[in-house]
Amino acid sequence: MVRVLVIDDSALIRRLLGELLEQAGDIEVVATARDPYDAREKIKRLDPDVLTLDVEMPRMDGLTFLRNLMRLRPMPVVMVSSLTEDGAEETLEALALGAVDFVTKPRGDTAQGLEAYADELIGKVRAAARARVRPLGEGGGGQPLRPPRRLP
């Protein structure tokens with residue numbers, strides 16, 4: 001069972017991500033947090049396997065929290081934000097800081113679109129749970145340790 005902590009300042013997004021992740025029989029959302037300060041206490045108490053993390057939040061932004069987390073207690077993180085799109089500056093920074101992957105926030109226009117989104121999110125959380133991360137600053141930032149790719 002993959003234990004996940006969902007961190008987002010929007011109660012609606014926290015609830016939606018929790019519901020989507022719980023659809024997978026092997027993922028349990030152990031808690032949600034409204035900001036990094038709330039998350040810090042829940043991480044200490046619940047020891048989740050994976051975090052989903054928003055970028056834009058009050059009191060402390062997600063990238064600052066990610067930087068601190070990877071320096072002090074590295075763990076797999078999937079960024080979930082309207083700012084994290086392929087090639088976006090925030091995405092590149094999050095990956096450089098050690099985030100395992102990213103997904104944009106759901107735009108749930110249709111049930112079919114939300115179903116595809118759930119599949120993507122669940123797949124990325126499962127993959128993140130298998131990633132080995134290292135502290136920020138140890139050989140290339142907080143980049144996940146991945147097996148070397150074999151060339152064809």
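**Exercise 1. Which residue in β2 does Val-6 stand opposite? Describe the setting of this pair.**

Solution. The model is predicted: local features need pLDDT of at least 70, side-chain atom pairs count only at pLDDT 80 or more, and totals for chains, interfaces and linings use all residues. Residues are numbered from 1 along each chain as its sequence is written, and side-chain values use heavy atoms, with hydrogens and water left out.

Step 1. The residue opposite Val-6 is Thr-32 in β2.

Step 2. Strand β1 covers residues 2-7 and runs parallel to β2, with six bridges joining the two. Strands are DSSP runs of E with at least two residues, helices are runs of H or I with at least four, and both are numbered from the N terminus. Two strands count as paired if DSSP finds at least two bridges between them.

Step 3. Strand β2 spans residues 27-33, and five of its seven residues are buried. Buried means under 20% relative accessible area, exposed over 50%, and partly exposed in between, with a 1.4 Å probe and protein chains only.

Step 4. Together with helix α1 (residues 11-22), β1 and β2 make a right-handed β-α-β unit. A crossover is right-handed if, with the strands pointing away from the viewer, the path from the first strand over the helix to the second runs clockwise.

**Exercise 2. Determine where Asp-54 is placed and whether Asp-54 is buried or exposed.**

Solution. Step 1. Asp-54 is in the loop between β3 (50-53) and α3 (62-72).

Step 1. Asp-54 counts as buried because its relative accessibility is 2%.

Step 2. Neighbours within four places in sequence being left aside, the contacts of Asp-54 include Asp-8, Asp-9, Ser-81 and Lys-105.

Step 3. An unreviewed UniProt entry lists Asp-54 for "modified residue: 4-aspartylphosphate". UniProt positions are given in the numbering used here, feature names are shortened, and annotations may be inferred rather than shown by experiment.

Step 4. Val-55 is also in the loop between β3 and α3, and its relative accessibility of 5% is why Val-55 counts as buried. The C-alpha atoms of Val-55 and Glu-90, 35 residues apart along the chain, are 7.9 Å from each other.

**Exercise 3. Which ring does the charged end of Lys-124 sit over?**

Solution. The ring is that of Phe-102, whose centre is 5.2 Å from the charged end of Lys-124. The criterion requires NZ of Lys or CZ of Arg within 6 Å of the ring centre and within 35 degrees of the ring normal.

Definitions and conventions. Contact = heavy atoms within 4.5 Å.
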